[in-house]
Amino acid sequence: KSKQFRLQKMFGVMPKTCFLHLGLPKTASTSFQHTCMQNKILLKTRGVIFPIFNCIAANRNKIINHTQPIVSLFTDKPENYRVNKEWGIYEQIEEINKSYKKQLEHYLKCDEDLLFSGENIYALGEAGLSKFINKIRENNFNIKAIAMIRSPYSHLCSEIQQRIKRGEYIDLISLNNSIPKSFNAKSFSQARRARILKKVLRKNISF
C-alpha cells in the first residue's frame, strides 16, 4: 500500500478493515490459522496484522485460534467457558481477561488492517457477538466477515468423530436409519450457527 494510504489511515481519514474468519467448525479453520501464523510477516507487508495472543497462566504463548480470548472476553460467564475450564484458569479469569483485553486493545489501536479467525466465536450468541463487533467498530474498522458451510452429512460425521476423540460417548445413530432418543441433533446444527452470525453481521458477512 502507498505511503499516502498509510498516512490517511494513521490520521483517521479513512477506516481500516477488520477481516473476520468465523469458521464454521470442521471447515479446516485450524489449517487456515496455522497458515496465517506461518505467513504473518508476508501479511504484514500487505498491511494486514494477524493477532497472536498469550495466556501466561495457562502457559500458552501463541494463541492463534482467536475463539479462546474473544469468547472469554465477551461471554457473560467466562468462568464457565469450556476452554477456561480445560486450561484450569477459571479461578483466575478476572486477571486473565484483563490481559486479553489489553492485548485486544493493542491490536485495535494499530494502523493496519486486522484478521481474526475463530470457528467458535458464534458461540457467544447474539449479545456477546454484538459486543465484540461494536468493540471493533468503535476503533474505526469496517468489517468483512466470512464463514464456510460444510455439507450437513460430511459435517456431522466429522464433528461426531472429533467429539469421540475428546472422550464423549455418542450413541450409534445409523445402520437402520434409526435415531436414539438420547441423540441431540440440535447441538450439531450449522443453520443455527449461521443464523446467529447473519443476524449480527447482516450484509457484512458472506457464506
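In which sense do strand β6 (residues 141-146) and β7 pair, and over how many bridges? Select both strands: the pairing is parallel, over 2 bridges, where two strands count as paired if DSSP finds at least two bridges between them. Helices (H or I, at least four residues) and strands (E, at least two) are DSSP runs, numbered from the N terminus. I146 stands opposite S206 in β7.

This is a predicted model, in which local features need pLDDT of at least 70, side-chain atom pairs count only at pLDDT 80 or more, and totals for chains, interfaces and linings use all residues. Residues are numbered from 1 along each chain as its sequence is written, and side-chain values use heavy atoms, with hydrogens and water left out.

Next, display the whole open sheet, whose 5 strands run in the order β2-β5-β1-β6-β7 with parallel pairing. At the edges stand β2 (48-49) and β7 (205-206); each has a single partner strand, so one side of each lacks a neighbour in the sheet.

Now select I64, in the loop between β4 (60-63) and α4. I64 is buried, with a relative accessible area of 10% (buried is under 20%, exposed over 50%, partly exposed in between; 1.4 Å probe, protein chains only). Leaving aside residues up to four places away in sequence, I64 touches Q33, H34, M37, F50, I52 and S117. The C-alpha atoms of I64 and S117 are separated by 7.8 Å, although these residues lie 53 residues apart along the chain.

Terms used:
Contact means heavy atoms within 4.5 Å.
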